[in-house]
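Here is a short briefing on one protein chain. It covers an aromatic pair, a nonpolar core and an annotated region.

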Amino acid sequence: MGRNDKFRELLKDRLAALTTDDALAQDAQAVVELDQQAVGRLSRMDALQMQAMARAGQVRRDAEAQRLRQALLRLDQDEYGWCDDCGEKIAEKRLEVDLTATRCIGCASG
């Protein structure tokens with residue numbers, strides 16, 4: 001298995017995991033119903049806070065999914081693993097840590 005094949009599989013696996021996480025998080029984002037007998041004021045506030053946290057998590061997952069799709073596109077165009085700034089090859093270890101890295105460690109650190 002070549003370097004690109006390895007990273008293509010890792011990217012697809014991470015994207016699939018995000019899709020699974022999205023499905024699991026859908027209930028947490030549902031509208032919080034007002035039922036004074038079942039849920040007191042503080043419990044409802046907790047539910048609203050949990051809902052807000054679930055929505056924030058969805059935003060983060062959407063952003064990561066977009067970065068993963070862009071990385072897959074770069075793979076298709078033979079641009080994956082090359083630094084956007086200096087054009088040098090990004091270290092494999094760096095890509096293993098961040099599959100969506102677009103800059104080598106030297107350019108990323110300034």
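Are Phe7 and Tyr80 buried or exposed? Phe7 is buried, and Tyr80 is buried too (buried means under 20% relative accessible area, exposed over 50%, partly exposed in between, with a 1.4 Å probe and protein chains only).

This is a predicted model: local features need pLDDT of at least 70, side-chain atom pairs count only at pLDDT 80 or more, and totals for chains, interfaces and linings use all residues. Residues are numbered from 1 along each chain as its sequence is written, and side-chain values use heavy atoms, leaving out hydrogens and water.

**Aromatic pair**
- One aromatic pair turns up in a search of the whole structure (Phe, Tyr and six-membered Trp rings with centres within 6.5 Å; planes under 30 degrees apart are stacked, over 60 edge-to-face, the rest tilted).
- The ring centres of Phe7 and Tyr80 are 5.7 Å apart and their planes stand at 50°, so the pair is tilted.
- Phe7 sits in helix α1 (residues 3-25) and Tyr80 in the loop between α2 (41-76) and α3 (92-97), so the pair ties together parts 73 residues apart in sequence (helices are DSSP runs of H or I, at least four residues; strands are E, at least two; both are numbered from the N terminus).

**Nonpolar core**
- The largest nonpolar core has 16 residues (buried Ala, Val, Leu, Ile, Met, Phe, Trp, Tyr and Cys joined through side-chain atoms within 4.5 Å).
- Leu11, Tyr80 and Leu95 have the most contacts inside this core.
- α2 gives the most to this core, with five residues.
- Beyond its neighbours within four places in sequence, Leu11 contacts Leu68, Ala71, Leu72, Leu75, Tyr80 and Leu99 (contact means heavy atoms within 4.5 Å).

**Annotated region**
- UniProt (unreviewed entry) places "zinc finger region: dksA C4-type" at residues 83-107; such annotations may be inferred rather than shown by experiment.
- The end C-alpha atoms of residues 83-107 lie 8 Å apart, and the span is 36% helix and 0% strand.
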